[in-house]
Amino acid sequence: MRNNSEVTDFILTGLSHQRGVQLFLFALFLTFYLIVLPSNILIIVTIRGDPQLNSPMYFLLANLAFLDIWYSSITAPKMLIDFFAERKIISFWGCIAQLFFLHFVGASEMFLLTVMAYDRYAAICRPLHYTNMMSRRLCIVLVLCSWLGGFVHSTIQVVLILRLPFCGPNELDNYFCDITQVLRITCANTFAEEMVMIFSSGLISVVCFVALLVSYAFLLTVLKKNSGESSNKALSTCYSHITIVIFMFGPAIYIYARPFDEYAPDKIVSVFHTVIFPLLNPIIYTFRNKEIKTAMKKVVTRFFLCKKN
């Protein structure tokens, strides 16, 4: 693998050059980040510590919370520090690492959401066989496959980037490194690489998104034919999953399923994709799930009682 690079670092333009706007965004995004971390940690601790939350759905939810912690930490800390930096610089290999982990964790989340849709299908349409269809061993295998799929996907992006020459321009018009900005400043014709990336990132996003929407539409049709408390609970869970799917795949399709030209809404969509989306998972899943809320209250109560004692 050969890289004729003369660029040792990249300059990030950030979100704004106005000091007042930067301070406002710093306070806002720091608040988001300080909500994302403890809330997702609380979800994991709650699910791990409550024996009543031992179903495959909660096991997958705990893994999603873990990925959200990682995903939000890839870009947020660097962005918060850069609000106070005169020149927002990231090293070449730091940029590659950020790009790798962004796609690794992001793709893993997409595949995990697909696994969660299969879990809901098994629970709703095959309830008598649910235990066998979603055994703990199978759940672990599916989660590992999601991680492996994300790793392979991200490795493809990085290999394609490292093969390209960087011979001068080093300014990235964003607050983090991503393939869409890095490809624009290479000193080579990147049409073939761009097509491969659109296929591997954009097409996967579109196919998974459409498949998930069709799956949940089918499940909603099945559930609405039935009545009762269990059906209403399943409906609420499906609506939560659909909301997360739309918020996850919508920005990804906009960013990666088109030519990598620059458009005005790009930074806004990137902020939603990397900063706001990880905040939505704990909010949506927590507020729409009574079992999680009840178990969380017990965990928080025990924590404060232990501190008093």
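This report covers confidence, then pockets, then cavities.

## Confidence in the model

This model is predicted. The mean pLDDT of the chain is 87. Of its residues, 96% reach 70 or more. Confidence is highest in helix α5, residues 136-162, with a mean of 94. Confidence is lowest in helix α10, residues 290-308, with a mean of 79.

One stretch calls for care. Residues 1-5 have a pLDDT below 50. Beyond near neighbours in sequence, this stretch makes 14 contacts in the model. Where pLDDT is low, predicted coordinates should not be read in detail.

## The largest pocket

Start with the largest pocket, which has a volume of about 380 Å³. Its lining consists of 16 residues. Closest to the centre are Arg120, Ala123, Ser230, Lys233 and Ala234.

Which helices build this lining? At least two residues each come from α2 (56-82), α3 (92-125), α7 (191-224) and α8 (229-256). Helix α8 gives the most, with 5 residues. By class, the lining of the largest pocket has 8 nonpolar, 5 polar and 3 charged residues.

## The second largest pocket

The second largest pocket holds about 280 Å³ of space. Its lining also has a count of 16 residues. Nearest the centre of this pocket lie Lys233, Arg288, Asn289, Lys290 and Glu291.

Helices α2, α8, α9 (266-287) and α10 each supply at least two residues here. The largest share, 6 residues, comes from α8. The lining of the second largest pocket divides into 6 nonpolar, 5 polar and 5 charged residues.

## The largest cavity

Now turn to the cavities. How many of 30 Å³ or more does the structure hold? There are 4. The largest cavity contains about 160 Å³ of space. It is lined by 16 residues. His103, Ala107, Met110, His153 and Tyr256 are the closest to its centre.

Helices α3, α7 and α8 each give at least two residues to this lining. Helix α3 gives the most, with 6 residues. What classes of residue line the largest cavity? The lining has 9 nonpolar and 7 polar residues, and no charged ones.

## The second largest cavity

The second largest cavity has a volume of about 80 Å³. Among the residues that line it are Asn174, Phe176, Asp178, Thr180, Gln181 and Arg184. The lining also includes Tyr254, Ile255, Arg258, Asp261, Asp266 and Ser270.

At least two residues each come from α6 (179-184), α8 and α9. Helix α6 supplies the largest share, 3 residues. By class, this lining has 3 nonpolar, 4 polar and 5 charged residues.

Follow α8 through the structure. In the largest pocket, α8 gives 5 lining residues. In the second largest pocket, α8 gives 6. Helix α8 also supplies at least two residues to the lining of the largest cavity, and at least two to that of the second largest cavity.

Terms used. Residues are numbered from 1 along each chain as its sequence is written. This is a predicted model: local features need pLDDT of at least 70, side-chain atom pairs count only at pLDDT 80 or more; totals for chains, interfaces and linings use all residues. Side-chain values use heavy atoms; hydrogens and water are left out. pLDDT is the predictor's confidence in each residue, from 0 to 100. Helices (H or I, at least four residues) and strands (E, at least two) are DSSP runs, numbered from the N terminus. Contact means heavy atoms within 4.5 Å. On a 1 Å grid over the protein atoms alone, a cavity is a set of points where a 1.4 Å probe fits but cannot get out, and a pocket is an open set with protein on both sides within 12 Å along at least five of seven lines; lining residues have an atom within 4 Å of a point. Grid points are joined across faces, edges and corners, and a volume is the space filled by probe spheres set on the points. Ala, Val, Leu, Ile, Met, Phe, Trp, Tyr, Cys and Pro count as nonpolar, Asp, Glu, Lys and Arg as charged, and the others, Gly among them, as polar.
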